[in-house]
Amino acid sequence: MIGQVISGEATAPIVRGFFHEPTFTASYVVHDRATSRAAIIDSVLDFDQASGRTSSAFADAMIDYIRDAGLGVEFILETHAHADHLSAAPYMQEQLGGEIVIGHEILTVQEVFGKVFNEGTSFARDGSQFDRLISDGEQLQLGELEILALHVPGHTPADLAYVIGDAVFVGDTMFMPDYGTARADFPGGDARTLFRSIRRLMALPDATRVFLCHDYKAPGREDFVWETTVGKQREENVHAHDGISEDDFVAMRTARDKTLGMPKLILPSIQINMRAGHLPEPEPNGTRYLKLPLNSL
């Protein structure tokens with residue numbers, strides 16, 4: 001099924017990327033040229049950790065683009081529960097409408113991190129904070145285009161990629177070919193599973209446009225870049241190009257992950273993103289609080 005992506009103007013969505021340099025995150029507005037129906041992918045809410053303040057400048061730039069282009073938002077898609085930025089999904093939904101969507105395996109993430117943050121029974125672990133949970137192979141209609149969900153776990157249990165026409169949005173599975181692949185050492189992650197997910201994505205046609213969730217500038221590269229192709233990934237990805245065996249990838253990924261520190265925003269991000277981007281409920285004094293579990297990760 002995934003090998004049958006068709007290219008051509010009628011099935012090529014218009015993609016506008018927005019790069020949030022503080023978290024090295026690429027967010028997207030994707031729309032069907034025939035109907036102007038749009039999807040937002042992996043939005044970002046600005047967050048200053050030192051002050052605990054949130055703001056919406058980055059999301060507002062995306063909103064301005066959507067309104068100026070006369071687009072109607074059908075979906076606000078999350079590739080996974082991000083560990084490096086706060087989702088702006090509820091804010092964007094309030095401004096523009098659309099359903100907040102994530103993979104069904106978010107239930108696993110909610111169960112694991114519900115324990116990490118010692119969430120009480122008021123925190124639902126059934127995915128009900130999202131408008132829709134989708135599974136591998138499920139399709140959504142975006143105007144005259146179809147969105148195909150592919151379950152690509154390994155980085156986290158809940159990762160989805162979205163195939164839309166001749167484009168695929170891969171979340172954190174892969175980065176630019178000169179940078180490689182995502183880590184697999186978060187709770188529920190697995191390097192062997194990640195390799196198989198990457199190979200599944202690389203089964204798409206070589207000309208498929210690949211849109212990444214992050215770029216960190218590989219050594220020697222001066223510019224941020226977040227678009228490539230399946231063919232380039234197969235030929236040049238430094239961690240997972242054609243010819244790399246599963247065992248070699250697992251050995252590399254496992255050794256590399258041992259050298260990495262935790263993302264600086266993982267604790268606030270997961271608490272927010274496992275709630276679909278909703279902030280925790282205010283306490284009796286009217287203030288919302290995030291938890292900081294000690295010696296847990």
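## Helix packing, core and salt bridges in a predicted model

Helix 1 and helix 2 run roughly parallel to each other, because their axes cross at roughly 30° and angles under 35 degrees count as roughly parallel. The structure is a predicted model. A search of the whole structure finds 18 salt bridges, and the largest nonpolar core has 37 residues.

**Helix 1 and helix 2**

- The axes of the two helices come within 11 Å.
- The crossing of helix 1 and helix 2 is right-handed.
- On the helix 1 side, the residues that meet helix 2 are Ala59, Asp60, Met62, Ile63, Ile66 and Arg67.
- Their partners in helix 2 are Tyr91, Met92, Gln95 and Leu96.

**The largest nonpolar core**

- In soluble globular proteins, nonpolar side chains tend to be buried together.
- Among the 37 residues of the largest nonpolar core, those that touch the most other members are Val29, Ile40, Met62, Ile66, Ile76, Met92 and Ile270.
- At least two residues of this core come from each of strand 3 (37-41), helix 1 (57-68), strand 6 (72-77), helix 2 (89-96), strand 7, helix 3 (106-116) and helix 7 (266-273).
- Helix 1 gives the largest share of the core, with five residues.
- Val29 touches Ile14, Val15, Arg16, Phe18, Ala38, Ala39, Met62, Tyr65, Ile66 and Leu71, when residues up to four places away in sequence are not counted.

**Salt bridges**

- Arg132 and Glu99 form a salt bridge through their side chains, with an N to O distance of 2.9 Å.
- Arg132 belongs to strand 8 (residues 132-134) and Glu99 to strand 7 (residues 99-103), so this pair ties together parts that are 33 residues apart in sequence.
- Arg132 is partly exposed, at a relative accessible area of 29%, and Glu99 is also partly exposed, at 26%.
- Arg183 and Asp185 are joined by a salt bridge of 2.7 Å, N to O.
- In that pair Arg183 is buried, with a relative accessible area of 11%, whereas Asp185 is partly exposed at 32%.
- Asp215 and Arg221 meet in a salt bridge of 2.8 Å, N to O.
- Asp215 is buried at 0% relative accessibility, and Arg221 is buried with a relative accessible area of 18%.

**The loop between helix 3 and strand 8**

- Which residue in this loop has a positive phi although it is not a glycine? Asn118 does, with a phi of about 50°.
- Asn118 is exposed, at 62% relative accessibility.
- Glu119 lies in the loop between helix 3 and strand 8, but Glu119 is buried, at 14% relative accessibility.
- Apart from neighbours within four places in sequence, Glu119 is in contact with Gly114, Arg125, Met274, Arg275 and Lys291.

**Other single residues**

- Lys217 is found in the loop between strand 13 (209-211) and strand 14 (227-229).
- Lys217 is not a glycine, yet has a positive phi of about 60°.
- Lys217 is partly exposed, at 30% relative accessibility.
- Ala240 is placed in the loop between helix 5 (230-236) and helix 6 (246-257).
- Is Ala240 buried or exposed? Ala240 is buried, with a relative accessible area of 0%.
- With neighbours within four places in sequence left aside, Ala240 is in contact with Thr181, Ile198, Arg199, Met202 and Phe249.
- Ala240 and Gly180 are 60 residues apart in sequence, and their C-alpha atoms are 7.1 Å apart in space.
- Arg200 is part of helix 4 (residues 191-201) and is partly exposed, at 29% relative accessibility.
- Between Arg200 and His155 there are 14 Å in space, C-alpha to C-alpha, and the two are 45 residues apart in sequence.

Methods:
Residues are numbered from 1 along each chain as its sequence is written. This is a predicted model: local features need pLDDT of at least 70, side-chain atom pairs count only at pLDDT 80 or more; totals for chains, interfaces and linings use all residues. Side-chain values use heavy atoms; hydrogens and water are left out. A salt bridge is a side-chain nitrogen of Lys or Arg within 4 Å of a carboxyl oxygen of Asp or Glu. Helices (H or I, at least four residues) and strands (E, at least two) are DSSP runs, numbered from the N terminus. Buried means under 20% relative accessible area, exposed over 50%, partly exposed in between (1.4 Å probe, protein chains only). A nonpolar core is a set of buried Ala, Val, Leu, Ile, Met, Phe, Trp, Tyr and Cys residues joined through side-chain atoms within 4.5 Å. Contact means heavy atoms within 4.5 Å. Axes are lines fitted to C-alpha atoms, for helices over the stretch in contact, and angles run from 0 to 180 degrees between N-to-C directions. Angles under 35 degrees count as roughly parallel, over 145 as roughly antiparallel, 65 to 115 as roughly perpendicular and the rest as oblique. A crossing is left-handed if the near helix is turned anticlockwise from the far one by less than a right angle, and right-handed if clockwise.
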